[in-house]
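Work through the exercises below with the sequence and the model open. Each task is followed by a solution in steps.

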Amino acid sequence: MKKWMLIALIFSILSPVLSGQTKPRKINRIALQVDGGANFGWKIQSTDDDNISPGFTFGAELRYNLRRIPLDFGIRYTNSYFMISDGECGLGYLTMSFLAIGDYNLSQGRLVNPFVGVGAGLGWGIYSGGYSCFCLAPRVGVRLLRHISLALDCQWYLGQLRMMNLTGGIYF
């Protein structure tokens with residue numbers, strides 16, 4: 001009987017100590033990110049003669065991180081540039097998008113935080129007249145060391161073009 005009381009006493013003393021060994025995760029409520037990288041675009045209504053070269057992209061986003069749920073929401077602006085050539089001449093293609101974004105963080109607050117998300121909003125393209133349309137952008141990525149972000153997204157400018165962006169950035 002005394003052994004069981006001694007074991008129960010040891011567990012009651014050690015359980016708060018053992019459960020307190022994990023440090024609380026540091027999560028910034030608001031994060032500002034600036035990024036840049038390469039893009040690979042293709043037109044939906046292209047001819048066989050169109051050759052689209054890879055270009056560059058840059059963007060910025062402002063996110064609000066929820067503390068108890070591993071989600072963040074925000075807004076994102078992206079600007080991309082690439083060349084379309086028909087064999088004789090090349091034309092620059094400029095796109096811009098302004099999206100509402102949401103991400104699900106798989107390890108929020110840790111040094112390595114993979115995430116999946118989606119953005120939706122308005123996109124503009126400037127190429128032989130220009131257009132504006134709905135833009136949808138699913139994305140995956142990882143945030144490292146609480147300040148570095150690597151992401152891959154696919155922006156679909158509905159009815160116009162699609163574009164893959166591979167970006168790296170910093171956030172605070």
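**Exercise 1. The cavity**

How many cavities of 30 Å³ or more does the structure hold? Give the volume of the largest cavity, then describe its lining by residue, class and element.

Solution. The model is predicted.
- Step 1: The structure holds one cavity of 30 Å³ or more.
- Step 2: The space in the largest cavity comes to about 30 Å³.
- Step 3: Its lining consists of Gln 33, Asp 35, Glu 61, Arg 76, Arg 139, Ala 151, Asp 153 and Thr 167.
- Step 4: Two or more lining residues come from each of strand S1 (30–43) and S7.
- Step 5: Sorted by class, the lining of the largest cavity has five charged residues, two polar and one nonpolar.

**Exercise 2. Strand pairing around S6**

Describe how S6 pairs with S5 and with S7. Which residue is the bridge partner of Leu 122 in S6?

Solution. 
- Step 1: Strand S5 (residues 112–126) runs antiparallel to strand S6 (residues 131–144), and 14 bridges join them.
- Step 2: Leu 122 has Phe 134 as its bridge partner in S6.
- Step 3: S6 also pairs with strand S7 (residues 148–157), in the antiparallel sense, over eight bridges.
- Step 4: For Cys 135, the bridge partner in S7 is Tyr 157.
- Step 5: S6 and S7 form a hairpin with three residues between them. In the turn, Leu 145 has a positive phi of about 55°.

**Exercise 3. The nonpolar core**

How many residues has the largest nonpolar core? Find the strand that supplies the largest share of this core.

Solution. 
- Step 1: The largest nonpolar core has 13 residues.
- Step 2: Those with the most contacts inside this core are Phe 82, Tyr 93, Tyr 131, Tyr 157 and Leu 161.
- Step 3: At least two core residues come from each of strand S3 (71–85), strand S4 (90–105), S6 and strand S8 (161–171).
- Step 4: S6 gives the largest share, four residues.

**Exercise 4. Aromatic pairs**

Are the rings of Phe 82 and Tyr 93 in buried or exposed residues?

Solution. 
- Step 1: The count comes to two aromatic pairs.
- Step 2: Phe 56 has a relative accessible area of 45%, so Phe 56 is partly exposed. Tyr 81 is at 32% relative accessibility and therefore also counts as partly exposed.
- Step 3: Phe 82 in strand S3 and Tyr 93 in strand S4 are 11 residues apart.
- Step 4: Phe 82 and Tyr 93 are buried.

Definitions and conventions. Residues numbered from 1 in each chain as written. Predicted model: local features only at pLDDT ≥ 70, side-chain atom pairs only at ≥ 80, totals over all residues. Heavy atoms only, no water. Pairing = 2+ DSSP bridges. 1 Å grid on protein atoms, 1.4 Å probe; cavity = no way out; pocket = protein on both sides within 12 Å on 5 of 7 lines; lining within 4 Å. Points joined across faces, edges and corners; volume = space filled by probe spheres on them. Nonpolar A, V, L, I, M, F, W, Y, C, P; charged D, E, K, R; others polar. Core = buried A, V, L, I, M, F, W, Y, C linked by side-chain atoms within 4.5 Å. Buried < 20%, exposed > 50% of the residue type's maximum accessible area, 1.4 Å probe, protein only. Phe/Tyr/Trp six-rings, centres within 6.5 Å; stacked < 30°, edge-to-face > 60°.
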